[in-house]
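Student: I have a new model open and I'd like to learn how to read its features. Could you walk me through it?

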Amino acid sequence: MADVKKFIDEIKGMTVLELNELVKALEDEFGVSAAAPVAVAAGPVAAAPVEAAEEKTEFNVVLKAIGEKKIDVIKVVRAATGLGLVEAKQAVEKLGVVKEAVPKADAEKLVADLKAVGADAAME
């Protein structure tokens with residue numbers, strides 16, 4: 001039982017980014033998803049045809065390059081994500097996904113804000 005308590009104490013000391021990496025690693029290792037299960041309503045199967053290509057409604061905002069104004073980029077990331085200063089700095093330095101599953105309008109605004117301070121960002 002002491003090992004479980006030690007493990008929980010270790011998790012308590014992790015940053016949000018470290019916890020996110022841990023969850024992804026566990027999902028990959030065990031082939032599971034941490035997403036909440038979705039209930040499927042029972043009904044006629046052929047009630048309505050499914051569109052061939054549904055429009056994507058959620059996007060990931062990806063930081064590709066910081067640019068010359070690193071502090072301004074950190075401020076934008078911090079404001080958009082709610083991360084602490086250290087976590088926002090780490091996220092910016094790491095590059096990659098800054099915010100996941102963002103509605104299209106919010107993702108476009110965040111990308112525009114990042115570009116306004118000289119960063120290279122995109123929606124995926």
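This is a predicted model: local features need pLDDT of at least 70, side-chain atom pairs count only at pLDDT 80 or more; totals for chains, interfaces and linings use all residues.

Student: What is the layout of the protein chain, going from the N terminus on?

Tutor: The chain has five helices and three strands, and from the N terminus the order is α-α-β-α-α-β-α-β. Of its 124 residues, 21% count as buried.

Student: Which helix holds both Lys89 and Glu93?

Tutor: That's helix α4, where they sit four residues apart, about one turn of the helix. The general point is that an α-helix has 3.6 residues a turn, so residues three or four places apart point the same way. The Lys89 and Glu93 side chains meet in a salt bridge at 2.7 Å, N to O. Lys89 is partly exposed at 37%, and Glu93 is partly exposed at 37% as well.

Student: How far apart are Asp113 and Lys109 in helix α5?

Tutor: Four residues, so about one helical turn separates them. Their salt bridge has its closest N and O atoms 2.9 Å apart. Asp113 is partly exposed, with 29% relative accessibility, while Lys109 is exposed at 52%.

Student: Now the faces of a helix. Which residues of α4 are buried?

Tutor: In α4 (residues 85–94), they are Glu87, Ala88, Ala91 and Val92. They lie on the same side of α4, because they cover an arc of only 135° around the axis. These buried residues pack against α2, β1 and α3. On the other side, Leu85, Val86 and Lys94 are exposed. Just after α4, Leu95 takes a positive phi of about 65°.

Student: And is Phe30 buried or exposed?

Tutor: Phe30 counts as exposed because its relative accessibility is 59%, and the cut-off for exposed is over 50%. Phe30 is in helix α2 (residues 16–30). Together with Leu26 and Val32, Phe30 makes a nonpolar surface patch of about 310 Å².

How values were computed
Residues are numbered from 1 along each chain as its sequence is written. Side-chain values use heavy atoms; hydrogens and water are left out. Patches are made of residues with over 30% relative accessible area and no salt bridge: like charges are joined within 9 Å, nonpolar side chains (Val, Leu, Ile, Met, Phe, Trp, Tyr) within 5 Å. Accessible areas come from the Shrake-Rupley method with a 1.4 Å probe; for residues, only the protein chains shown count as cover. A salt bridge is a side-chain nitrogen of Lys or Arg within 4 Å of a carboxyl oxygen of Asp or Glu. Helices (H or I, at least four residues) and strands (E, at least two) are DSSP runs, numbered from the N terminus. Buried means under 20% relative accessible area, exposed over 50%, partly exposed in between (1.4 Å probe, protein chains only). The arc is that of the directions from the helix axis to the C-beta atoms. Contact means heavy atoms within 4.5 Å.
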